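Biologist: Could you walk me through a model and tell me what the words for it rest on?

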Amino acid sequence: MPNDREVAGMRCMQVLEVLSDYLDDLVSAERKLQINEHLLGCNWCESFGGRFADMVQQIRREMAQADQAPRAMVERLYSKLKF
Amino acid sequence: MDRAPFRQVVEANLDAVYRYCRVLAGPDLNAEDILQETFLAAMRGYDDFRGDSQVRTWLFTIARHAAHHMRRKHAGEPSQFDELKELGIAAGWGTLEPADVAIFSRERRQLIQNALMQLNELDREVLLLRDVEGMSSQDVAAFLGTSDAAVRTRLHRSRLRMMALLQNAGVQHAE
């Protein structure tokens with residue numbers, strides 16, 4: 001059962017809810033400060049947030065690198081387009 | 001209006017459109033079919049493209065229509081994790097142990113691709129447009145015809161779903 005406690009005026013569930021906005025810098029400065037305070041005092045959220053951020057980076061990297069149109073497919077496309 | 005020759009447009013956007021076509025195709029459509037249909041339609045319409053949007057966004061819109069046209073049934077998959085809390089738990093929220101996602105890089109790419117294919121189409125689109133193409137949340141909302149808040153919520157839940165799927169794959173991998 002996950003833990004949900006109040007640290008620095010925020011519950012863990014509230015941090016979970018805004019984790020992506022926090023990572024993407026889409027929360028207000030005041031909210032960011034509050035989340036930072038929570039993370040400093042809550043090892044559960046600090047641990048999960050770190051893993052979450054790592055995974056987001058990994059997905060970004062892999063999705064960007066993995067997909068280049070295969071050469072043969074490009075040739076078939078160019079043939080259809082009569083290039 | 002000055003415009004690049006169509007071939008130049010294709011070459012400059014080919015990989016990005018291909019990535020998007022793969023996302024649109026999911027497990028049930030062929031990405032190459034969508035790719036070909038997109039550029040054939042774009043070639044037919046290029047003379048009428050007025051440049052109101054970026055050419056890449058215009059191509060994405062064509063790809064999206066092409067994929068939807070090809071998909072006979074367009075129903076979102078039922079969500080495996082409806083509640084944020086359930087989604088968080090599945091992603092390892094509330095545990096201190098690092099998720100078992102230490103996967104060799106060669107396999108990691110395949111696991112990520114497999115996990116992506118288990119998301120529903122809209123989740124994949126939002127992940128790609130925000131996290132790979134780097135479009136702003138507002139631009140994605142305008143492109144998909146939805147609200148900024150809806151895009152942000154969907155992105156967060158898509159990321160949590162990916163984390164849960166990768167964690168499960170990692171555990172299965174270790175067994």
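What follows is a short talk about some terms and the values behind them.

Modeller: This is a predicted model, where local features need pLDDT of at least 70, side-chain atom pairs count only at pLDDT 80 or more, and totals for chains, interfaces and linings use all residues. Residues are numbered from 1 along each chain as its sequence is written, chains are lettered from A and ligands numbered from 1 in the order in which they are written, and side-chain values use heavy atoms, with hydrogens and water left out.

Biologist: What makes B:A91 count as buried or exposed?

Modeller: Buried means under 20% relative accessible area, exposed over 50% and partly exposed in between, with a 1.4 Å probe and protein chains only. B:A91 has 0%, so B:A91 is buried.

Biologist: Which residues is B:A91 in contact with, leaving aside its neighbours within four places in sequence?

Modeller: Contact means heavy atoms within 4.5 Å. B:A91 has such contacts with A:F48, B:L160, B:M163, B:A164 and B:Q167. B:Q167 lies 76 residues away in sequence, yet the C-alpha atoms are 6.8 Å apart.

Biologist: How do you know that α1(B) falls short of a straight helix?

Modeller: The expected span is 1.5 Å times one less than the number of residues. With 20 residues, α1(B) would reach 28 Å if straight, but its end C-alpha atoms are only 24 Å apart. There is also a bend of about 55° at B:N13, the angle between axes fitted to the seven residues ending there and the seven starting there.

Biologist: Why is α1(B) called mostly covered?

Modeller: Of its 20 residues, 14 are buried.

Technical notes: Helices (H or I, at least four residues) and strands (E, at least two) are DSSP runs, numbered from the N terminus.
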